[in-house]
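These are my notes from a first look through a structure that was new to me. I wrote down each thing as I looked it up.

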Amino acid sequence: MKLYDGGKIIAGIVVFLIVASVPFWYGMGKAVPPPDFKLDTPAIERLKEKLCVEPAPYMRANHMKLLSAWRESVVREGNRSYKATDGKVYKISLTGTCLECHSNKDQFCDRCHDYAGAKPNCWSCHIIPEEVR
Amino acid sequence: MVPTRREFLKIAGFSAIGLVLPPLATLTGAQAGMPAAGGVFPTAPGPLPALRAKRWAMAVDAGKCRPGCRDCIIACHLAHNVPDFGNPKDDVHWIGLERVDHVFPAEAHPRLPESIKGLSVPVFCNHCENPPCVRVCPTKATFQRADGIVMMDYHRCIGCRFCMAACPYGSRSMNYRDPRPFIPKINADFPTRTRGVVEKCNFCEERLARGILPACVTVCKEKALVFGDLEDSGSDVRRLLDGRFSIRRRPDLGTGPQIYYLL
């Protein structure tokens, strides 16, 4: 089999591969620093026990699942209370319960989501109390 | 070595078991690790116990409505962050105000008394017993609760507007534009909607859960709106309906509307 204009084609492929992989070469060996944030808010400092509805490692890994379960519970089943594993009962409300303590949404939510490239669409409808006030 | 038929079947069988087992193991593991979300919830967070009913319904004593009064509409739209786009093409409403002969086209005739002909009555979502919007919704974004409230799950709405085509009462509105900038005053206790989502009256489901009556009912100074449980013979709405003649919008369609009008 004869490859016509082989030199040009192979040179083109090589150039394409180099251009396409530049971002990888450029970022190789460099670590993007993890987001630096301050999570304390006045509401959290006032708490005697600094605890979320569930233990922090669980929340860190599974908050999206919990929020999804909360959403289904309120909207579809009409249940507005959440019984935590430690037996405490919380009112299910993103704006009312979550953001009451974590009033620093731009630090608490956005820093990590931006870093991880996650784009939750909670706030296209749900209200950030700080922005309304 | 070429395997015999028997050996081949054995290997195939074990491979099939191997394919099925790992997902099962992760499934059970995930369930054990997750705290009791979606378990048994206690009821009513908040100071008042939640209002519960077998069948919520509303009666509109239209004769009591002051001419030109829009109190119920203003209160509802403020409570639920309903946008005001300022033009009829994009109009979004939870409660509307319509002339009697438009609300009841089959019942209207030229010899009706002026007092009735000139009347405007509030129109709501009828929270039908047999809601056509629920039947057509492809994502189950709109659904009927056990207490009769036809709810919207805005998270699931894809904006196909089948429900708007199905609703014979025009109770549903589409957000053709981003509603946020058009909300006069945002109520932080209730979410807004987003572009491409259909919205409608929810019988103030969020207020009933806190033990208070719908916003339109509490704001009406003339007590023209009566809300209650239709299955409870002692409720206000039942007593009103037991004592007087009432009509519903387009009952011939078989939707079973739950807004009763006393004219």
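What covers the buried residues of H3(A)? I found that the cover includes strand E1 (81-83) of chain A. I am reading a predicted model, in which local features need pLDDT of at least 70 and side-chain atom pairs count only at pLDDT 80 or more, while totals for chains, interfaces and linings use all residues. Residues are numbered from 1 along each chain as its sequence is written, and chains are lettered from A and ligands numbered from 1 in the order in which they are written.

Entry on chain A. I noted six helices and two strands, taken as DSSP runs numbered from the N terminus (helices are H or I with at least four residues, strands are E with at least two). Along the sequence they follow the pattern α-α-α-β-β-α-α-α. For 133 residues a compact globule would have a radius of gyration near 14 Å, whereas chain A has 24 Å; the radius is taken over C-alpha atoms, and the globule rule is 2.2 Å times the number of residues to the power 0.38.

Entry on helix H3. I saw that H3 (residues 56-75) of chain A bends by about 80 degrees at Asn62(A), the bend being the angle between axes fitted to the seven residues ending there and the seven starting there. Leu66(A), Trp70(A) and Val74(A) are buried in H3(A), where buried means that 20 or more other C-beta atoms, placed from the backbone, lie within 10 Å of a residue's own.

Entry on a sheet in chain B. I found three strands forming an open sheet in the order E8-E1-E9, with mixed pairing; two strands pair if DSSP finds at least two bridges between them. Its edge strands are E8 (225-229) and E9 (259-262) of chain B, each pairing on one side only. Strand E1 (residues 56-61) of chain B pairs with E8(B) in the antiparallel sense over five bridges, and Trp56(B) stands opposite Asp229(B) in E8(B).

Entry on the cores. I looked up the largest nonpolar core, which has 52 residues; such a core is a set of buried Ala, Val, Leu, Ile, Met, Phe, Trp, Tyr and Cys residues joined through C-beta atoms within 7 Å. Among the members that touch the most others are Met58(B), Val60(B) and Cys76(B). The elements giving two or more residues to this core include E1, E8 and E9 of chain B, and E1(B) gives the most, with five residues. Apart from this core lies another of six residues, among them Leu66(A), Trp70(A), Tyr82(A) and Ile92(A).

Terms used
A residue is buried if 20 or more other C-beta atoms lie within 10 Å of its own, exposed if 12 or fewer, and partly exposed in between; C-beta atoms are placed from the backbone. Two residues are in contact if their C-beta atoms, placed from the backbone, lie within 7 Å.
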